[in-house]
Amino acid sequence: MIMTKEKTSAIHLANKDLESSPTVTQNNEIFIAKNFNLWYGENHALKDINLSFHENEISAIIGPSGCGKSTFIKSLNRMVEMVPGVLTEGEILYRDKNILDKDMSVEELRTKVGMVFQKPNPFPKSIYDNVSYGPRIHGIKDKKTLDLIVEKSLRQAAIWDEVKDRLNDNAYGLSGGQQQRICIARTLAVEPDIVLMDEPTSALDPISTIKIEDLMQELKKEYSIIIVTHNMQQAARVSDKTAFFYQGNVIEFNDTNIIFENPHDKRTEDYVTGRFG
Amino acid sequence: MLMDAEVIDKKRNPRIMKNNLMKMLFLFSTLIGLVILIVLLSTTLLDGWRYLTLDFFTNFSSSRPSRAGVKGAIIGTLWLMAFTTPIAIFLSVGTALYLEEYAPKNKFTKFVETNIANLAGVPSVVFGLLGLTIFVRQFGLGNSVLAASLTLALMIMPVIVVASQEALRTVPVAVREASIGMGASKWQTVYRIILPAAIPGIITGIILAISRAIGETAPLVVIGIPVALLATPSSPLDSFQALPMQIYNWVKMPQAEFQNLTAAGIIVLLALLMMMNLVAIVIRNKYSKRY
Ligand SMILES: Nc1ncnc2c1ncn2[C@@H]1O[C@H](COP(=O)(O)OP(=O)(O)OP(=O)(O)O)[C@@H](O)[C@H]1O
Ligand SMILES: [Mg+2]
């Protein structure tokens with residue numbers, strides 16, 4: 001491991017020891033939302049959300065447009081605060097710490113909780129500078145270490161072979177699918193604990209999409225992933241758990257095969273079978 | 001068929017003719033400006049180029065045209081710009097960064113923004129009066145390089161602020177989000193992502209503003225910059241001469257030869273301007289990034 005992760009796991013272990021009450025689910029929960037509500041001004045966008053996400057799992061969030069999927073995952077790294085007039089209520093626990101607390105450092109949170117956006121958004125810099133950006137802002141200056149991080153991240157994002165000979169080229173010269181994988185590499189370079197992805201493949205062609213889906217399966221061994229997607233097949237293909245959002249509520253959250261084959265709620269069934277509205 | 005082919009046929013020619021007419025009209029406007037500019041420049045060049053001798057550059061101002069030169073004025077103007085530029089950049093880019101990146105988006109910020117933009121329209125004489133009252137008298141700086149630099153810096157600040165704000169706004173939200181989303185602080189995002197992307201626009205604003213400052217006469221007259229001085233400044237607290245003042249002074253002289261000196265002075269001023277624009281283009285090309 002190139003950036004020290006020992007510290008986080010140490011904290012994690014300590015927290016586990018403190019948990020005296022018998023926990024209902026597995027002990028490796030990363031995120032727990034408890035009665036989480038969010039308003040954009042008057043608009044009550046998220047209503048009493050209760051969800052939990054686990055280590056080494058891919059969780060999918062599905063639901064019709066405007067139901068609050070992006071709002072929810074942007075709440076997990078508090079990016080949603082960039083919108084003026086946002087109000088929240090309830091708790092979001094990240095490794096047992098309420099991230100909505102005043103004393104939570106958002107810089108620290110966002111280092112642990114990485115994000116990949118819907119549209120590829122590389123910096124107008126070289127491929128190398130894009131991927132080394134995160135380590136650099138966190139104070140890593142040694143060129144050798146940066147080289148290692150860049151190569152490791154690009155390999156993890158399954159794009160090393162395509163770009164290894166032109167690391168100094170501007171990232172804007174790459175195709176959309178390549179750019180998105182550069183963005184994934186950039187996120188992985190800071191070795192986050194969990195990666196949030198908001199429709200990461202919606203701007204991509206099927207081949208790039210498959211590449212990124214394969215990549216997610218690889219990443220699952222080391223990371224946890226929460227992915228928002230409009231693509232039912234994608235959710236069914238890649239995820240372990242699926243949450244169905246509708247009008248700001250979580251209607252159903254369960255194992256992916258249950259959501260797709262045997263949903264408990266009529267609305268979930270209608271949505272996943274495409275009979276919605 | 002709802003679209004009547006005959007009507008379309010009938011209307012086609014008038015449409016195309018109108019288009020051509022407008023094209024000619026716009027071309028005419030461009031040409032008028034161009035022609036007048038060329039006439040002005042060429043008469044200036046014709047009048048002045050023979051006076052651009054070595055003596056012209058090494059002599060101080062004089063009441064005798066054959067002895068008059070721009071040494072004091074050029075060096076004074078360089079001193080003036082050497083202090084005006086950094087002061088203006090510091091004040092203006094700082095203000096723009098604060099307003100765009102840090103300030104809460106509320107009515108007060110909006111109010112400040114609008115007022116700064118309006119300051120761009122205030123006549124330069126008014127800034128001269130402000131400089132006279134505050135810097136020359138209140139601060140006791142006299143008619144020094146520093147007093148004039150502060151005055152000019154304040155005068156051009158609104159232009160740079162507005163241009164910088166516009167440049168900052170062109171940096172896409174998605175790129176900012178990418179940086180913030182990785183745990184970068186606001187300043188890291190500004191310094192490493194936003195500023196490099198906005199630099200070409202900011203530089204353009206700075207150069208435009210400095211170009212205005214370098215030729216500005218009115219505030220210098222109000223502050224009381226001397227027209228005849230036989231020394232160059234050796235500190236920012238010294239008095240100095242400036243090119244536009246020198247030109248202004250020569251224009252008023254009765255002897256015909258001074259008119260040629262005026263032209264020569266204008267050529268020097270234009271050359272300075274062109275050099276600055278060249279630097280701006282180089283910097284802009286170096287930093288130009290595409291999105
Ligand atoms: N920046 C914002 N300001 C105000 N309201 C917003 C903002 N972003 C989203 N909303 C509102 O919050 C609700 C949820 O939006 P959100 O973007 O989370 O939906 P979504 O499920 O991600 O939709 P999509 O599938 O189209 O991306 C919508 O009613 C939307 O209008
Ligand atoms: Mg969305």
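Let's start with what covers the buried residues of helix α8 in chain A: β3 (58-62), α5 (143-156), α7 (176-188), β7 (194-198), β8 (224-228) and α9 (232-238) of chain A are included. Contact here means heavy atoms within 4.5 Å, and buried means under 20% relative accessible area, exposed over 50%, with a 1.4 Å probe and protein chains only. This is a predicted model, in which local features need pLDDT of at least 70 and side-chain atom pairs count only at pLDDT 80 or more. Residues are numbered from 1 along each chain as its sequence is written, chains are lettered from A, and side-chain values use heavy atoms, leaving out hydrogens and water.

The buried residues of α8(A) are Ser208(A), Thr209(A), Ile212(A), Glu213(A), Leu215(A), Met216(A) and Leu219(A). Seen down the helix axis, they fall within an arc of 155°, so they line one face of α8(A); the arc is taken from the directions from the axis to the C-beta atoms. The face turned away from that buried side carries the exposed Pro206(A) and Ile207(A).

Now for the sheet. Six strands of chain A form an open sheet with mixed pairing, in the order β6-β7-β8-β3-β9-β10; strands pair if DSSP finds at least two bridges between them. Its edge strands are β6 (113-116) and β10 (249-255) of chain A, each pairing on one side only. β7(A) and β8(A) pair in the parallel sense over five bridges.

Finally, α8(A) lies across β3, β7 and β8 of chain A, running at about 150° to β8(A), where angles run from 0 to 180 degrees between N-to-C directions of axes fitted to C-alpha atoms.

Definitions and conventions: Helices (H or I, at least four residues) and strands (E, at least two) are DSSP runs, numbered from the N terminus.
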